[in-house]
Amino acid sequence: MFRFIFGRLAVLIPTFLGVSLIAFSFIRLLPGDPVMLMSGERVMSPERHAELMHQLGLDRPMYIQYFDYLAGLLTGDFGSSIVTKRPVLDDFLQLFPATIELSLCAIILAVVLGIPAGVLAAVKRGTWLDQSIMGVALVGYSMPIFWWGLLLIIFFSGYLGWTPVSGRISLMYFFPQVTGFMLIDSLISGQAGAFKSAVTYLILPTIVLATIPLAVIARQTRSAMLEVLGEDYVRTARAKGLSPFRVIGVHALRNAMIPVITTIGLQVGVLLAGAILTETIFSWPGIGKWMVDSVFKRDYAVVQGGLMLIAAVIMIVNLVVDLLYGWVNPRIRH
Amino acid sequence: MKKLTTLLAATALASLMGTAAWSKTFVYCSEASPEGFDPGLYTGGQTFDAAAHTVYNRLVEFKRGTTEIEPALAESWDISADGKEYTFKLRKGVKFQTTEYFTPSRELNADDVIFSFERQYKEDNAWNKYVPGASWEYFSGMGLPDVIDKIEKIDDLTVKITLKRPEAPLLANLGMPFISIVSKEYADKLQADGKMELMNQQPLGTGPFTFVAYQPDAAIRYKANPDYWGGKQAIDDLVFAITTDAAVRAQKLKAGECHLMSYPNAADVAELKADPNLNISEQAGLNVAYLAYNTLVAPFDKVEVRKALNMAVNKQAIVDAVFQGAATVAKNPIPPTMWSYNDAVEDDKYDPEAAKKMLEDAGVSGLKMKIWAMPVARPYMLNARRAAELMQADLAKIGVEVEIVSYEWAEYLKLSSDKDRDGAVMLGWTGDNGDPDNFLDTLLGCDAVGGNNRAQWCDKEFDDLMTKAKETADVAERTKLYEEAQVIFKREAPWNTIDHSLAVVPMSKKVSGFVQSPLGDFVFEGVDIAE
């Protein structure tokens, strides 16, 4: 097991270097620079432009900038935003809990609904139930998040008035950020109604963000289940006279879970990508929105630092999934 | 254990700070997060709304709803006969805000004013580089380092600014957000504590609202400043709910989650107007969209060619298609709300037949040209591509073949300044300070060729008027000079002036006292809400 973990960790180093290089060069490949965008329609003289580029250290050769950035990363210094002048790590730490909270809720919703839906579709294979579940999943998978989010807002918040439009909690509640997780902080605050408010604000963004992973998990569960249900040991279990619930829930599902867990792990990347749009629609103060704004402003420090941090999170989650996989299926370890 | 203590402390703090009771709170759905809270460092309108118009004041300010200068922290001022010395008498008894992070021990005085200026241009000032990459972009962009010779304290409540040359737009510049007056006492304290960066995170000024907290990308909270020299505000709390998507802002306003919103989508305006709970305030924006020919390149160096092209374009059709009526056709380079606007100027009449003939008379046939269309929506031009297509169709009718080109925004801004640029550029401008100089000289002066002057147009007669107007303090006299300049502009036609857009501000019917600013600022001093 130790060797297995060590092997996985060793792979992280080249991945980390690769990501740092991509993060660094990607934003620089876009035309324009942060100084030019700062001044907008007002033209800056070439001298002034050069002076500001120099001040920000952007006039140095690329490789020096890269090694500088790499050296910073190794010492935990992610630089400061060119626009807001605040340290990138501070902003990330402040905004990241919001993204995690939303992503966790979304993945829980996706798993809780996706796995039973997939199992049901597999068990009732070929029936109208199977076809409708898979049809809905296909629609969900192909849904443009932006349009879907706005549609839900217009219907549930605008027309029915059931849910709030956007934000994390009603503005009438105001308390200091302790954990950064609104559900927890609202409980700690002791303010009546704060927790309920936080929950109502979570509903729509959670649904929107969960849509694609839910569809993927449902489809994956269905195909994994179909494969397992045809196995001999399932037939044996049935022949032993076990209840259908036990056959499916214990014998089949546990084995079908292996590819599903991998899929859930891979959804982390999908969630973070989906968070970019979901957060923008719902004014959710997380890292997705923060990154998009920074790309538009060519805030090099935020984009490269933020990408690095996000990549680190994804790498860690994937590592954990790998380990979990090894635990569920001992054959992997060898 | 330590965690538990933190939790308990936080809970206690929450019960102290937390006001679950909904006091009279005004919620504004704003379009973007502020870049920071020190207005001197930034150029974004959302930053000025969040910092300059709430927390801070300036020596002089724009009278609400106008671009006229009125006294603010300076009660009065004298300008010397040669126009080079400005002596400001400060208001007595102005208190800085008392906040959780700082309690001032003295009132506003000349030291604060001098500090507020000097930190923005004196490189030996410890605050000149207090955050990485501090560039004081507006201060230098408005050319103040070249204009200001020195700034001195005459006595505690008198400050004298001496200029290197007469500069009539100076007062208008001093009303702009970037030159907000900060507290030197607070700055000294931060410096002594080694926490200078807090100046940009925990602002402290003399304005109507006191900063309470900023939750990045979510909300900014203020409370009414009880010591405000202009009197305490009718509302208790002010909240900016940051909502970047315009369609979502509109939904929030309709759902009653905010009282007022900025920048609705043109497509949403009709629906907002139809809502019985909302009022819509509309005002001609202080902006212009234009198509600038490159007057250095043949055949666009000929006035007749430029005129003919102007006459071939149906501008009303563009305004109707792009703005659905929320704009007016422009004939002058400055908007009609600006003083010195010359209404007597006649626009080039839309007349394709005459245009065609004019082009033939100028000896131009089979003309092929490029029109540059911006890749982004700007307040003065919501859809440049659509506008360019309409122009393309119009110009085809007089035998001119148009190719529409576009570049990524930053690239567009850069390449369009180039003197050798091929083609006519669509662009625009939003006024900074309501002074005609800010449009006419900035965009059409000889000094701006290769820069803001996208027509690369340098006309001696026009430029002399600009210089003269800058040196004249008398507004009536300056008005005459600018009116004359607009006549020359129309005669020479370096641009086709396209439109001035309307600024639309939807708000709840409960809101009273909000006055739309022609400068596009959102100022909440004086607003109230019905319970």
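**Stop 1: two crossing helices**

Select helix 5 and helix 11 of chain A: helix 5 passes helix 11 in a right-handed crossing. A crossing is right-handed if the near helix is turned clockwise from the far one by less than a right angle, and left-handed if anticlockwise. Helices (H or I, at least four residues) and strands (E, at least two) are DSSP runs, numbered from the N terminus.

This is a predicted model, in which local features need pLDDT of at least 70 and side-chain atom pairs count only at pLDDT 80 or more, while totals for chains, interfaces and linings use all residues. Residues are numbered from 1 along each chain as its sequence is written, and chains are lettered from A and ligands numbered from 1 in the order in which they are written.

Now look at the geometry. The axes of helix 5 and helix 11 of chain A come within 10 Å and cross at roughly 145 degrees. Axes are lines fitted to C-alpha atoms, for helices over the stretch in contact, and angles run from 0 to 180 degrees between N-to-C directions.

Show the side chains next. On helix 5 of chain A, the contact residues include Leu102(A), Ala106(A) and Val119(A). On helix 11 of chain A, Ile264(A) and Gln267(A) are among them. Two residues are in contact if their C-beta atoms, placed from the backbone, lie within 7 Å.

Which classes does the contact of helix 5 with helix 11 of chain A have? It has 13 nonpolar, three polar and no charged residues. Ala, Val, Leu, Ile, Met, Phe, Trp, Tyr, Cys and Pro count as nonpolar, Asp, Glu, Lys and Arg as charged, and the others, Gly among them, as polar.

**Stop 2: helix 9 and its partners**

The axes of helix 9 and helix 11 of chain A come within 8 Å and cross at roughly 160 degrees. That makes helix 9 of chain A roughly antiparallel to helix 11 of chain A. Angles over 145 degrees count as roughly antiparallel, under 35 as roughly parallel, 65 to 115 as roughly perpendicular and the rest as oblique. The crossing of helix 9 and helix 11 of chain A is right-handed. Their contact divides into 19 nonpolar, seven polar and no charged residues.

The crossing of helix 6 and helix 9 of chain A is left-handed. Ile133(A) and Tyr141(A) of helix 6 are among the contact residues, as are Leu214(A) and Arg222(A) of helix 9. This contact divides into nine nonpolar, two polar and two charged residues.

**Stop 3: all of chain A**

Zoom out to chain A. How many helices and strands are there in chain A? There are 13 helices and zero strands. The C-alpha atoms of chain A fill a box of roughly 85 × 55 × 40 Å, taken along the principal axes.

Select residues 95-121 of chain A, one of the spans that UniProt marks "transmembrane region" (unreviewed entry). UniProt annotations may be inferred rather than shown by experiment, and positions are in the numbering used here, with feature names shortened. The end C-alpha atoms of residues 95-121 lie 38 Å apart, and the span is 100% helix.

Then pick Arg298(A), in the loop between helix 12 and helix 13 of chain A. Arg298(A) has a positive phi of about 55 degrees although it is not a glycine.

**Stop 4: where the chains meet**

Show chain B too. 53 residues of chain A are in contact with 53 residues of chain B. On the side of chain A that touches chain B, helix 7 supplies the largest share, five residues. That side has 27 nonpolar, 18 polar and eight charged residues.

**Stop 5: a sheet in chain B**

Find the open sheet of four strands, with order 4-5-7-6 and antiparallel pairing, in chain B. Two strands pair if DSSP finds at least two bridges between them. Strand 4 (74-79) and strand 6 (148-155) stand at the edges, each with a single partner strand, so one side of each has no neighbour in the sheet. The twist averages 20 degrees from one strand to the next.

Five bridges join strand 5 (residues 85-90) to strand 7 (residues 158-163) of chain B. Pick Phe88(B): its bridge partner in strand 7 is Val159(B). Helix 3 (residues 110-121) of chain B lies across strand 5, strand 6 and strand 7.

**Last stop: a cis bond**

Select Ala298(B) and Pro299(B), which are joined by a cis peptide bond with omega about 0 degrees. Pro299(B) lies in the loop between strand 13 (287-292) and helix 10 (303-312) of chain B.
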